[in-house]
Amino acid sequence: MSTYLPPLPAQTPALLCAAHRGEERAQRLLYEAHYPLARAVALQYADDADAAEDIVQEAFIKLFRDLIAREFRGDFIAYLRRIVVNTGIDHYRAGRRRLRLFDRLRSAPPPATHNGGEQLLGEQDVYRLLQQLTPAYRLVFNLYVIEGYLHEEIAAKLGISVGTSKSNLSKAKRRLRQLAGPYFQVETDTHHG
């Protein structure tokens, strides 16, 4: 259901070459064309929309520095996604050192309204649910479920044990089931007639 449409394949290579030469117009066009994808990925790793914006901005700065340093060849979408994911990991590591208000977010009451099991869980709802996980749980969940990393790879990337990665994933799934429960409760009709 994503509204993201990458630019035509013929446009991207020309923009990448121009960005390699440091042309600001090409950088702006790449940014505008690929911002929706970068933001969608960043929201999976961020505490909130503002943090996602920080991740996106930092990721594009890294991207443009790299494009100026060397000419790009390969799958640009996969490359950009990897930069955003790694920037999200860096953001997590920096945030891990600061005290966050996750207790308040985790104890937020479930949605007050139920639509008899017909309420659809939208993209923004999924981001809100992910953002209610602790940073450690969210990071492992995203890397394993969304990005497809193995526990061994996650452990190496984050400097944790494989067991911790597996445990964090299990706890993240359990917490998401608790958080998402109100979206899937079916109200039963006790009046038959």
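Before anything else, I note that axes are lines fitted to C-alpha atoms, for helices over the stretch in contact, with angles from 0 to 180 degrees between N-to-C directions.

**Ground rules.** I am looking at a predicted model, where local features need pLDDT of at least 70, side-chain atom pairs count only at pLDDT 80 or more, and totals for chains, interfaces and linings use all residues. Residues are numbered from 1 along each chain as its sequence is written, and side-chain values use heavy atoms, leaving out hydrogens and water.

**Overview.** I found nine helices and zero strands in the protein; helices (H or I, at least four residues) and strands (E, at least two) are DSSP runs, numbered from the N terminus. Of its 193 residues, 37% count as buried, meaning under 20% relative accessible area with a 1.4 Å probe, protein chains only.

I counted 21 residues in helix 3, reaching 30 Å from first C-alpha to last. That is close to the 30 Å expected at 1.5 Å a residue, taking 1.5 Å times one less than the number of residues. Among its buried residues I list Ile55, Val56, Phe60 and Leu63.

**Helix 1 meets helix 3.** How do their axes cross? I see the axes of helix 1 (residues 11–20) and helix 3 (residues 49–69) come within 7 Å and cross at roughly 80°. The two helices are therefore roughly perpendicular, a label for 65 to 115 degrees. Leu16, Ala19 and His20 of helix 1 touch Leu67, Ile68 and Ala69 of helix 3, contact being heavy atoms within 4.5 Å.

Key: Parallel < 35°, antiparallel > 145°, perpendicular 65-115°, else oblique. Buried < 20%, exposed > 50% of the residue type's maximum accessible area, 1.4 Å probe, protein only.
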